Amino acid sequence: MAKLQGHQLCVSRVPIFSHLNDDELQEVFSKINHKHLNKGDYLYMAGDQNESLSVLHAGKVRIYRLNPDGKEQLVRVLGHADFTGETSLFNEDNTHESYAEVMEDAQVCTINQQDIYDLMQKYPNISIKIIESFAERLNESESLTTNISLLSSNERLQEYIRTHTEDGILNLNMTKKDLASYLSMQPETLTRNFKKLESEGLIKKINNKTYEIIDI
């Protein structure tokens, strides 16, 4: 078995490749291109043609869309071993509908479309994992849309806390401004809701990105 290192290990942690053995992962890795992006750069923008799947090895990337009024709607924040580009990769015109902005200097691995198709034919489980990823992200998107439609801003925040708390601790992987965009509220409203939950004794602030969850 070949020993995996560095970027290979990143690929091995991506859900659509995690089931492959080391030799198969080496084959995937042989098809990868690497690039460095600085904070403020864009991995892609809406309207760009896409011919590759991108895997984040290091750094953070925020995926967002613009509504007809030009207001941002955050879709997700990518971290180590997360991937993007899969949606447009399988669209007929291969066009991105979102923006991918680098929040922290990033190392990105890319695999071109034809290589992805070849890997899917050779290893059918990759196709299954991609479908599972689509289903998971669709479910996340539908849940968020439902919450925005039916819940108050405070209830939306509480639902977010409930689903993102681990071992009684909420660690935000995005700025408060981005979280407000993700939950479709103004930053001032988000701040007010956090303070309300603190005053009610439901959460306890440890620092600006970390909260102890007492009763949500």
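The second largest pocket holds about 620 Å³ of space. Of the 26 residues lining this pocket, Arg65, Val75, Arg76, Ser98 and Ser141 are the closest to its centre. The model is predicted: local features need pLDDT of at least 70, side-chain atom pairs count only at pLDDT 80 or more, and totals for chains, interfaces and linings use all residues. Residues are numbered from 1 along each chain as its sequence is written, and side-chain values use heavy atoms, with hydrogens and water left out.

- A pocket is an open set of points with protein on both sides within 12 Å along at least five of seven lines.
- A cavity is a set of points where a 1.4 Å probe fits but cannot get out.
- Lining residues have an atom within 4 Å of a point.
- Points are joined across faces, edges and corners, and a volume is the space filled by probe spheres set on them.

**Second largest pocket**

- Strand E3 (52-66), strand E4, helix H3 (86-89) and helix H5 each give at least two lining residues; helices (H or I, at least four residues) and strands (E, at least two) are DSSP runs numbered from the N terminus.
- H5 supplies the largest share of this lining, eight residues.
- The lining has nine nonpolar, 11 polar and six charged residues. Here Ala, Val, Leu, Ile, Met, Phe, Trp, Tyr, Cys and Pro count as nonpolar, Asp, Glu, Lys and Arg as charged, and the others, Gly among them, as polar.

**Largest pocket**

- The volume of the largest pocket is about 960 Å³.
- Its lining numbers 32 residues, with Arg76, Glu136, Glu140, His164 and Tyr182 nearest the centre.
- At least two lining residues come from each of E4 (72-78), H5 (124-150), H6 (153-164) and strand E8 (169-171).
- H5 again gives the largest share, here nine residues.
- By class, 13 lining residues are nonpolar, eight polar and 11 charged.

**Cavity**

- One cavity of 30 Å³ or more is counted.
- The largest cavity has a volume of about 30 Å³.
- Leu43, Ser54, Val55, Leu56, Val61, Leu78, Asp82, Thr84 and Val108 form its lining.
- E3 provides the largest share of that lining, four residues.
- Six of the lining residues are nonpolar, two polar and one charged.

**Helix H8**

- H8 (residues 187-199) has 13 residues and should span 18 Å at 1.5 Å a residue; its end C-alpha atoms are 18 Å apart, which agrees. The expected span is 1.5 Å times one less than the number of residues.
- Thr189, Leu190, Asn193, Phe194 and Leu197 of H8 are buried. They cover an arc of only 135° around the axis, so they sit on the same side of H8. The arc is that of the directions from the helix axis to the C-beta atoms.
- Buried means under 20% relative accessible area, exposed over 50%, and partly exposed in between (1.4 Å probe, protein chains only).
- These buried residues pack against H6, helix H7 (176-182), strand E9 (203-207) and strand E10 (210-213), with contact meaning heavy atoms within 4.5 Å.
- Exposed Glu188, Arg192, Lys195 and Ser199 lie on the face of H8 turned away from its buried side.
- Thr191 is also found in H8; at 38% relative accessibility, Thr191 counts as partly exposed.
- Thr191 and Ala180 are 11 residues apart along the chain, and their C-alpha atoms are separated by 8.8 Å.
- Gly201 follows H8 and has a positive phi, near 75°.
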